[in-house]
Amino acid sequence: MKNYRSALRLAASLVAGASVFALAPDAGAATPPTAPVPQRTALQQGLDALTGRAGASGAIAEVRDHGRAVWRGTSGVANLATRQPAPVDGEFRAGSVTKTFVATVVLQLSAEHRIDLDEPIERHLPGLVPNGGNITVRQVMNHTAGLADFLEDPRFAYESDDALRRLLAVDRWQTLRARDLIAIGVSRQPYFPPGQGWHYSNTDYLVLGELVQRVTGNDWRTEVNRRVLQPLGLRHTFLPGTATAVPGPHSHGYLALSDGPADITELNPSMAGAAGELISTTDDLARFDAALLGGRLLAPAQLAEMTTTVAADEQPPTRYGLGLMQLRTSCGEVWGHPGGIHGYVTYLFGDRAGTRQIAISANPYDPQKGAELTPAVLDLIDLTFCGPKSAS
């Protein structure tokens with residue numbers, strides 16, 4: 001992980017972090033993982049690595065297989081002051097996993113012939129982004145549009161102790177409009193001409209949130225609720241808008257300041273919006289991944305579009321589809337998305353058939369150990385789908 005303190009930037013750094021997980025290009029191919037579900041002891045040890053060697057204050061995870069939860073684990077604490085255990089069924093901020101939900105709605109609208117993936121974004125959102133006549137919906141969805149990430153603007157750089165204290169005292173309570181954040185992003189130099197590269201950008205998914213509203217007449221949250229959350233019965237998944245609390249039992253998120261931990265659990269998630277405001281549970285997320293890849297939310301044509309990928313990392317290769325990441329394990333590819341927002345990181349991945357999933361939430365804290373978090377998570381994902389490594 002490049003800098004865990006910049007939590008809203010995590011999804012981009014996690015794409016790069018996935019490279020430690022990949023094999024040589026000819027290994028694993030597209031064969032879905034078929035290993036038996038690992039023993040609970042091994043999975044728990046993998047989860048404990050997140051709070052041990054990786055320094056997270058708390059971590060929870062769930063593995064589902066063929067429609068049922070086969071393991072749920074907890075490690076560390078929910079609260080550094082009370083030392084209460086992290087609740088295994090706790091709610092958490094899921095960050096950029098939000099993008100997969102938004103992409104699902106856009107693809108449903110595509111199936112209804114209300115959006116053409118290869119039409120210019122300018123058609124529906126005139127004047128929103130420069131050069132919008134040459135940027136397609138597909139390019140916005142798979143991060144090949146070249147739009148700069150608004151989070152790279154200096155006002156969102158929380159690296160110093162003083163900046164983190166400003167975040168705690170002021171910035172986390174502010175309501176930020178999606179169009180204002182988009183304006184910040186597009187005021188910066190584009191990464192490349194449309195379609196001429198790949199660069200993760202949260203600006204892209206704020207644009208898609210605006211697109212959903214323009215096409216349907218409803219806020220993107222309304223459409224995600226109506227089209228995804230309600231049909232799947234995801235009763236512990238929320239799109240809070242400007243509400244600052246995590247509503248159910250939860251682990252707290254922290255920042256490491258010079259004088260100790262600072263609680264960052266409560267914040268106004270309008271700073272993330274359609275790019276990352278989701279609150280959920282491991283069970284809800286795993287069931288969503290199973291339903292999505294199992295074909296319950298998208299028709300085959302749209303699911304094929306979603307899983308058509310472009311290269312994200314050149315060496316070794318990591319690939320990105322339409323709001324969905326393809327991650328190579330030691331036994332094949334899995335599909336899902338990582339996410340990060342202040343105090344929380346989330347990882348959701350499942351096999352292409354929709355038969356096995358893992359959802360993980362962790363609360364990064366120890367800055368001396370933070371670089372170990374992504375490798376530890378990727379080890380747990382590989383264990384879930386491929387089984388224990390054989391002794392050499």
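I started with His113, which counts as exposed because its relative accessibility is 74% (exposed is over 50% relative accessible area, buried under 20%, partly exposed in between, with a 1.4 Å probe and protein chains only). His113 sits in the loop between helix H3 (98–111) and helix H4 (137–141), and its phi is positive, about 65 degrees, though it is not a glycine. Helices (H or I, at least four residues) and strands (E, at least two) are DSSP runs numbered from the N terminus.

A note on what I'm working with: this is a predicted model, where local features need pLDDT of at least 70, side-chain atom pairs count only at pLDDT 80 or more, and totals for chains, interfaces and linings use all residues. Residues are numbered from 1 along each chain as its sequence is written, and side-chain values use heavy atoms, with hydrogens and water left out.

Next I checked Arg83, in the loop between strand S2 (68–76) and strand S3 (92–95). Arg83 is not a glycine either, yet has a positive phi of about 65 degrees; it is exposed at 52% relative accessible area.

Then the rings: I searched the whole structure and got six aromatic pairs (ring centres of Phe, Tyr or Trp, its six-membered ring, within 6.5 Å; planes under 30 degrees apart are stacked, over 60 edge-to-face, the rest tilted). Tyr191 and Phe192 are a tilted pair because their planes meet at 40 degrees, with centres 6.4 Å apart. Tyr191 is partly exposed at 24%, whereas Phe192 is buried at 14%.

Tyr254 and Tyr365 pair edge-to-face, 6.3 Å between centres and 80 degrees between planes. I also noted that Trp198, Tyr200 and Tyr320 form one aromatic cluster.
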